[in-house]
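This report goes through selected helix contacts, strand pairings and annotated sites of one protein model. The sequence and the structure come first, and the text follows.

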Amino acid sequence: MSQHILTAVAWPYANGPRHIGHVSGFGVPSDVFSRYQRMAGNKVLMVSGTDEHGTPIQVQADKEGVSARELADRYNRVIAEDLTGLGLSYDLFTRTTTKNHYAVTQQIFKGLYDNGYIFPKTTMGAISPSTGRTLPDRYIEGTCPICGYDGARGDQCDNCGNQLDPIQLVNPKSRINGETPVFVETEHFMLDLPAFADVLGSYLQSKQGEWRPNVLKFALNLLGDLQPRAISRDLDWGVPIPLDGWRDQSNKRLYVWFDAVIGYLSASIEWARRSGDPDAWRQWWQNPDARGYYFMGKDNIVFHAEIWPAMLFGYSGIGARDGSPGSLGALNVPSEVVSSEFLTMEGKKFSSSRQVVIYVRDFLARYDADALRYYIAVAGPENQDTDFTWQEFVNRNNGELVAAWGNLVNRSISMAAKNFGAVPEAGDLTDADRALLERSRGAFAPVGAELNRSRFKNAITEAFDVVREANKYLAEQEPWKLKDDPERQKSILHVALQVVDDAKTMLTPFLPGSSNKVHAMLGGEGVWSGMPEMREVDEDGGTPYPVITGDYDGAARWEHQPIKPGTPLAPPVPLFKKLDPKVVDEELSRLGQ
Ligand SMILES: [Zn+2]
């Protein structure tokens, strides 16, 4: 049965280019999942965009002497180009500085406010004593009052994951100049998270056995200390507060995390408008049978497993104060929060300032997108923190993509093309022929089940086992020695090509670019698996901006399809680049090691 599946992908922050650690957490996993779901016949809506508000963008813009908007414009484009280059099949990748996003954010705020889940409160805000300016939360550092970690920031402790207010920090210091901030009274709006303690508790308990255990455990731990959270800031860069007396205050804006999570909904609404059916988004957000999967790195679990569900419940009139749904109607909460752990680089934390980094763009200039996608799927931080090393990247590229999969494709297709020019007919099958065909055909169900549960490492390992068994079969059958027995040679090559076709299908979610090539080599017509493209769009004739979108209704289906004897074959081109072992040293020297 076809299901509506929302793939909600974390919003990359537009204060600089993204590195491979970022895309291993949110980008590649969400695309593998979406491509599989489309192949399985489901209706996927994959949305995201650049997160462009907040103090880090303002601070970076000040440093560069440009406006926050100019900085966001620049990195919105850079990031959209990089994600397109990786082949990520967004139905819409947009940005948070659109009029549509402002309007939807304000609607959600209003709905929560009208139901009593948002209230004003006078709090203490940090001021720099030397400049008199508001000191942004993230630029205050101190000791976490909850876990004692001494590198906690004013908005969050990275050690225990709790949301913080700067005034809670022990020994607060400005990260800009080291001075001790002073705290003055300022009025802000609070999201009443304790009013959702019961609904969040039963919501999370119902996910036992379904979510990755580390994600659920983390989310359940957060429930122990739910406090009202400030959702506005003293800042002029962000979404205005949609209430009389607040709307026109140039120094009060909604806090960036509040508007960023609403992006999933606003992007869905923008996609629907652009598709010509403005209500189409409702199928993914209001249909009770629809499923919503949220992909991110683990530093974002708190926003997706606690705050965003609370906002959706409250907007829908569910919580300790009840209420009624806002103007958009009741909205679905996430079905699953799929969080990855962290990727490190050669044993160190990624750091742009210390040049422990490789940006997506630089990676794609030197290596294939599928080579990175493969590495992330098979060796990425799915369940634990994982180290990226250039040596392992080269080993896996050369040993697995080139020597196992590329070689199987190349030798089966080239031998069949050279000897017969087309897919050969199979004669009587031997036990070995039948065993391999059954093994390959039988892999669709288990590989698909792993993909459906976002267990990507298991899925690609199982698919590669089929590739390895096919190579073993060819080594045993030795069709190249059967010049005097063309009938047997035909049968072997027919079996090999059938397994190549099956493996190509199973590897499509991971390796869409090379699977499209295999599809063409096997004489397939039309688009197999659609690729994303960038388009320039605007709102009501306003300033154009780039989005990622695409037509992903290719021929790819998650099923064994019998190959047709007589289909013409062309001599194959190499699928993957074999890498010179020297690149390890070259890359390490770029890292300054
Ligand atoms: Zn802490």
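## Helix packing

Helix H13 (residues 431–441) packs against helix H16 (residues 486–507) with an axis separation of 9 Å and an angle of about 10°. Angles under 35 degrees count as roughly parallel, and H13 and H16 are therefore roughly parallel to each other. On the H13 side the contact is made by Asp 433, Leu 436, Leu 437, Ser 440 and Arg 441. H16 contributes Arg 488, Val 495, Gln 498, Val 499, Asp 502 and Met 506. Sorted by class, the contact of H13 with H16 holds 5 nonpolar, 2 polar and 4 charged residues. The model is predicted, and this applies to every value in the report.

The axes of helix H11 (residues 369–379) and helix H15 (residues 456–477) cross at roughly 110° and come within 7 Å. The range of 65 to 115 degrees counts as roughly perpendicular, and H11 and H15 are therefore roughly perpendicular to each other. From H11, the residues in contact are Tyr 374, Ala 377, Val 378 and Ala 379. From H15, they are Phe 456, Lys 457, Ile 460, Thr 461 and Phe 464. This contact of H11 with H15 divides into 7 nonpolar residues, 1 polar and 1 charged.

## Strands and sheet

Strand E1 (residues 4–9) pairs with E2 in the parallel sense, over 5 bridges. Within this pair, Leu 6 stands opposite Leu 45 in E2. Strand E2 (residues 43–50) is mostly covered, with 7 of its 8 residues buried.

An open sheet is formed by 3 strands in the order E4-E8-E9, with antiparallel pairing. Which strands stand at its edges? They are strand E4 (118–127) and strand E9 (229–230). Each has a single partner strand, so one side of each is left without a neighbour in the sheet. E4 is joined to strand E8 (residues 182–191) by 10 bridges, and the two run antiparallel. Ile 118 stands opposite Leu 191 in E8.

Arg 233 belongs to strand E10 (residues 232–234). Is Arg 233 buried or exposed? Its relative accessibility is 12%, and Arg 233 therefore counts as buried, the cut-off for buried being under 20%. Leaving out residues up to four places away in sequence, Arg 233 touches Asp 137, Asp 165, His 188, Asn 251, Lys 252, Arg 253 and Tyr 255.

## Annotated positions

In the unreviewed UniProt entry, the annotation "domain: Methionyl/Leucyl tRNA synthetase" covers residues 6–412. That span is 40% helix and 18% strand, and its end C-alpha atoms lie 39 Å apart.

The unreviewed UniProt entry also carries the annotation "binding site" for Cys 144, Cys 147, Cys 157 and Cys 160. They span 17 residues in sequence, yet no two of their C-alpha atoms are more than 8.7 Å apart, so they gather at one spot. Cys 144 sits in the loop between strand E5 (140–143) and strand E6 (152–153). Cys 147 is also found in the loop between E5 and E6.

Contacts within this group can be followed from both of these residues. With the corresponding exclusion of residues up to four places away, Cys 147 touches Cys 157, Asn 159 and Cys 160.

The "binding site" annotation of the unreviewed UniProt entry covers Ser 352 as well. Ser 352 lies in the loop between strand E14 (343–345) and helix H10 (360–366). Apart from residues up to four places away in sequence, Ser 352 touches Val 357 and Tyr 359.

The table lists the accessibility of three of these annotated residues.

| Residue | Relative accessibility | Class |
|---|---|---|
| Cys 144 | 2% | buried |
| Cys 147 | 33% | partly exposed |
| Ser 352 | 43% | partly exposed |

Cys 144 falls in the buried class because its relative accessible area of 2% is under the 20% cut-off.

Methods
Residues numbered from 1 in each chain as written. Predicted model: local features only at pLDDT ≥ 70, side-chain atom pairs only at ≥ 80, totals over all residues. Heavy atoms only, no water. UniProt positions renumbered as here; feature names shortened; annotations may be inferred. Helix = DSSP H or I, 4+ residues; strand = E, 2+ residues; numbered from the N terminus. Buried < 20%, exposed > 50% of the residue type's maximum accessible area, 1.4 Å probe, protein only. Contact = heavy atoms within 4.5 Å. Pairing = 2+ DSSP bridges. Axes fitted to C-alpha atoms, helices over the stretch in contact; angles between N-to-C directions. Parallel < 35°, antiparallel > 145°, perpendicular 65-115°, else oblique. Nonpolar A, V, L, I, M, F, W, Y, C, P; charged D, E, K, R; others polar.
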